Amino acid sequence: MLINKARILLTGATGGLGGALAKQLAEAGAHLLLSGRDAKKLQALQLTLGAAASYIVADLNASEGVTTLVHAAQAERVNVLINNAGVSSFGLYDEQNWSAWEQVLSTNLIAPMRLTQALLPQLKAQPQASIVNVGSTFGSIPFAGFAAYSSAKAGLRGFSQSLRRELADTSVTVIHVAPRAISTPLNTAAVNALNQALGNTSDTPESVARDIIKALAANTLESHIGFPERLFAWLNGFAPQLIDQGLRNKLATIKQHARTQD
Ligand SMILES: NC(=O)c1ccc[n+]([C@@H]2O[C@H](COP(=O)([O-])OP(=O)(O)OC[C@H]3O[C@@H](n4cnc5c(N)ncnc54)[C@H](OP(=O)(O)O)[C@@H]3O)[C@@H](O)[C@H]2O)c1
């Protein structure tokens, strides 16, 4: 995909990774349709990016939000959809409530599936189009304390692969990128403390944005950002019992931080 010819609908533009993606994509010459729920943040971001960007306020969990986005994307002749919006939830499964899981599953899995389907006719009509799904390492290494988030991101990975295979005879490619931890507001103080205690590296949103844009430009269909996470994701695919054991050794630390939620 030529970034300077791309017309991109970016969800979650008001967030940490979304903001970095928006800035770098605009610098690379892309035309952007930014979306999020916070009008003030979107307006401020659009002002820093200038005429190459416009914005639209939409809640992805509401059907009218999806409809609004699809109409705006049609008007802008979007040929790239970046499903970046997401929420997380850290806690022990039997201590969390259904509304928290529902929010996580809806925002990270159902919403991108719904938006993708609604935009597909338009994307298929373009000579070249891409869908970029922002997953997570936890989609391949489902983690203790993140049952709903891991399930949603594993679902997003499965959705990406299935749809890619189904669209193989069209002009639309489906790219799935799985970052490890990123320093953004998504992570609560308890998650940051857990990452520190476990020695997990947190990347900057700017470096992850660079990797995602590289994947879009080079049409790299699957990527895991970070090592050793990439190795562990591969290992979980064929010897999950080894990951079970590794996480068993960290369980007391995970439980301790899950119970000190802010
Ligand atoms: N941070 C990490 O450690 C990490 C690691 C791996 C993968 N990721 C993934 O990276 C992506 C970006 O996350 P981030 O770290 O940048 O998080 P963030 O800073 O918390 O931003 C989340 C974004 O999602 C948007 N959003 C949430 N719920 C929404 C809804 N119902 N409708 C519309 N927009 C909604 C928010 O928009 P408003 O604020 O405008 O509502 C915000 O722009 C997510 O898919 C996340 O799962 C993050």
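Colleague: Is A178 buried or exposed?

Modeller: A178 counts as buried, because its relative accessibility is 0% and the cut-off for buried is under 20%. Keep in mind that this is a predicted model.

Colleague: Where does A178 sit?

Modeller: A178 is part of strand β6, which covers residues 172-178.

Colleague: How far is A178 from G145?

Modeller: Their C-alpha atoms are 19 Å apart. Along the chain, 33 residues separate A178 and G145.

Colleague: And L167, where is that one?

Modeller: L167 is in the loop between α5 and β6.

Colleague: Is L167 buried or exposed?

Modeller: Buried, because the relative accessible area of L167 is 3%.

Colleague: How far is L167 from K124 in space?

Modeller: The distance is 9.1 Å, C-alpha to C-alpha. In sequence, L167 and K124 are 43 residues apart.

Colleague: Let's go to the strands. What covers β1?

Modeller: I can tell you that both faces of β1, residues 7-10, are covered. R7 and L9 are on one side, and I8 and L10 are on the other. All of these residues are buried.

Colleague: How many bridges join β1 to β2?

Modeller: There are 4 bridges, and the two strands run parallel. R7 has H31 of β2 opposite to it.

Colleague: What does the chain pass through between β1 and β2?

Modeller: The chain goes through helix α1, residues 16-27. This β-α-β crossover is right-handed.

Colleague: How many bridges join β1 to β4?

Modeller: That pair has 3 bridges, and β1 and β4 run parallel. I82 in β4 is the bridge partner of L10.

Colleague: What about β2 and β3, how many bridges there?

Modeller: 5 bridges join them. β2 is residues 31-36, β3 is residues 53-57, and they run parallel. As an example of a facing pair, S54 in β3 is opposite L33.

Colleague: Which helix makes a unit with β2 and β3?

Modeller: Helix α2, residues 39-49. Together they make a right-handed β-α-β unit.

Colleague: New topic. How many cavities of 30 Å³ or more turn up?

Modeller: Searching the whole structure gives 1 cavity of 30 Å³ or more. The idea is simple: a probe the size of a water molecule, rolled over the atoms, shows where empty space is left.

Colleague: How much space lies in the largest cavity?

Modeller: About 30 Å³.

Colleague: Which residues line the largest cavity?

Modeller: The lining is T11, L60, N83, N84, A85, T107, A111, P112 and L115.

Colleague: Which helix gives the most to that lining?

Modeller: Helix α4, residues 98-124, gives the most, with 4 residues.

Colleague: How do the lining residues divide into nonpolar, polar and charged?

Modeller: The lining has 5 nonpolar residues and 4 polar ones. None are charged.

Colleague: OK, Q96. Where is it?

Modeller: Q96 is in the loop between β4, residues 80-83, and α4.

Colleague: Why does Q96 count as buried?

Modeller: Because the relative accessible area of Q96 is 16%, and buried means under 20%.

Colleague: What does the side chain of Q96 make a polar contact with?

Modeller: With the side chain of S89, at 2.7 Å.

Colleague: Now the backbone. What is phi of R77 near?

Modeller: Phi of R77 is near 50 degrees. That is a positive value in a residue other than glycine. R77 lies in the loop between α3, residues 63-75, and β4.

Colleague: Is R77 buried or exposed?

Modeller: Exposed, because R77 has 53% relative accessibility and the cut-off is over 50%.

Colleague: And N219, what is its phi near?

Modeller: Phi of N219 is near 60 degrees, also a positive value in a residue other than glycine. N219 is in the loop between α7, residues 205-218, and β7. N219 counts as partly exposed, at 33% relative accessibility.

Colleague: Which peptide bond is cis?

Modeller: The one from F227 to P228 is cis, with omega near 20 degrees. P228 is in the loop between β7, residues 222-224, and α8, residues 229-238.

Colleague: Last one. Where is A148?

Modeller: A148 is in helix α5, residues 147-166. A148 counts as buried, at 7% relative accessibility. The C-alpha atoms of A148 and T68 are separated by 28 Å, and the two residues are 80 residues apart along the chain.

Definitions and conventions
Residues are numbered from 1 along each chain as its sequence is written. This is a predicted model: local features need pLDDT of at least 70, side-chain atom pairs count only at pLDDT 80 or more; totals for chains, interfaces and linings use all residues. Side-chain values use heavy atoms; hydrogens and water are left out. Two strands pair if DSSP finds at least two bridges between them. A crossover is right-handed if, with the strands pointing away from the viewer, the path from the first strand over the helix to the second runs clockwise. On a 1 Å grid over the protein atoms alone, a cavity is a set of points where a 1.4 Å probe fits but cannot get out, and a pocket is an open set with protein on both sides within 12 Å along at least five of seven lines; lining residues have an atom within 4 Å of a point. Grid points are joined across faces, edges and corners, and a volume is the space filled by probe spheres set on the points. Ala, Val, Leu, Ile, Met, Phe, Trp, Tyr, Cys and Pro count as nonpolar, Asp, Glu, Lys and Arg as charged, and the others, Gly among them, as polar. Buried means under 20% relative accessible area, exposed over 50%, partly exposed in between (1.4 Å probe, protein chains only). A polar contact is a pair of N or O atoms within 3.5 Å; within protein, one must be able to donate a hydrogen and the other to accept it, and residues adjacent in sequence count only if both atoms are side-chain atoms.
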